[in-house]
Amino acid sequence: MLCAPLLSAQEMPEVEIDSVVWYYKPEHVFKRIGEYFDGEERFGRKIVLRSQEGEREGLYFIVRITEFADSLPDGCSFEVDMIRPDKRDPVTVKFPLPNNRKSHREVWLGFIGDDQPAEKEAPVAWRIALIDPQGNVVATKESFLWSKPPAESQADVAQAAE
């Protein structure tokens, strides 16, 4: 009989962020038939975390991880840094994983209300980190433009090319 090794409450499995895509999702996408009967929101085969309670419409980063979320120790979180087209400085939002999470690999991180870019514009750049309970970054994924050199470096490159 084969048994998977059990992790203690303090151990962090080796996990990576496999992929990230983002979409704007309207409120009705989250409404399931069961909610009409009992008023309880259901998420299906994903974990949905939002920057603000109450509303559902917004910009969602759909993050796929290589391990099931229930194998992560309690106290883990995702941190999203995003450069919005309507703001100069990056916006950072922390999304704590619930302790009663299910065995899913897909996590939706929602920027809701004032936290999302104006007029449903695309984020300029983003970085997502999975943080362990001690505050250490254990996995990251970023957009191409996140690692783009600062403007001063670009000017230096342009001058060197001349």
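**Entry 1: surface and make-up**

I started with the surface: the chain exposes about 10,200 Å² of accessible area, and 50% of it belongs to carbon and sulfur atoms. The areas come from the Shrake-Rupley method with a 1.4 Å probe, and for residues only the protein chains shown count as cover. I note that this is a predicted model, where local features need pLDDT of at least 70, side-chain atom pairs count only at pLDDT 80 or more, and totals for chains, interfaces and linings use all residues. Numbering runs from 1 along each chain as its sequence is written, and side-chain values use heavy atoms, with hydrogens and water left out.

I then looked up burial. Of the 162 residues in the chain, 36% are buried. Buried is under 20% relative accessible area, exposed is over 50%, and partly exposed lies in between (1.4 Å probe, protein chains only).

I listed the elements next. The chain has two helices and eight strands. From the N terminus they run β-α-β-β-β-β-β-β-β-α. Both kinds are DSSP runs numbered from the N terminus: helices are H or I with at least four residues, strands E with at least two.

I checked contact range too. Among contacts between residues at least 6 apart in sequence, 75% join residues at least 24 apart. A contact is heavy atoms within 4.5 Å.

**Entry 2: the sheet**

I traced an open sheet of four strands, in the order β1-β3-β6-β2, with mixed pairing. β1 and β2 are the edge strands, each pairing on one side only. From one strand to the next the twist averages 20°. For such angles, axes are lines fitted to C-alpha atoms (for helices over the stretch in contact), and values run from 0 to 180 degrees between N-to-C directions.

β2 and β6 pair in the parallel sense, over four bridges. Strands pair if DSSP finds at least two bridges between them. Isoleucine 47 stands opposite valine 107 in β6.

**Entry 3: the core and valine 63**

I found 27 residues in the largest nonpolar core; Phe61, Val63, Phe78, Leu109 and Ile128 have the most contacts inside it. Strands supplying at least two core residues each include β1 (17-25), β4 (77-83) and β7 (125-131). β3 gives the largest share, four residues. Such a core is a set of buried Ala, Val, Leu, Ile, Met, Phe, Trp, Tyr and Cys residues joined through side-chain atoms within 4.5 Å.

I picked valine 63, in strand β3. Valine 63 counts as buried because its relative accessibility is 0%. Leaving aside neighbours within four places in sequence, its contacts include Ile17, Phe78, Arg105 and Leu109. Its C-alpha lies 6.9 Å from that of valine 21, which is 42 residues away in sequence.

**Entry 4: rings**

I looked at ring pairs. Rings of Phe, Tyr and Trp (its six-membered ring) pair if their centres lie within 6.5 Å; planes under 30 degrees apart are stacked, over 60 edge-to-face, the rest tilted. The count comes to five aromatic pairs. Phenylalanine 95 and phenylalanine 111 have ring centres 5.8 Å apart and planes at 70°, so they are edge-to-face. This pair links strand β5 to strand β6, across 16 residues. Phenylalanine 95 is buried at 2% relative accessible area, and phenylalanine 111 is buried at 0%. Ring pairs join Phe61, Phe95, Phe111 and Trp126 into a cluster.

**Entry 5: a buried arginine**

Last, I looked up arginine 56, in the loop between β2 and β3. Arginine 56 is buried, with 11% relative accessible area. Its C-alpha is 8.9 Å from that of valine 29, 27 residues apart along the chain.
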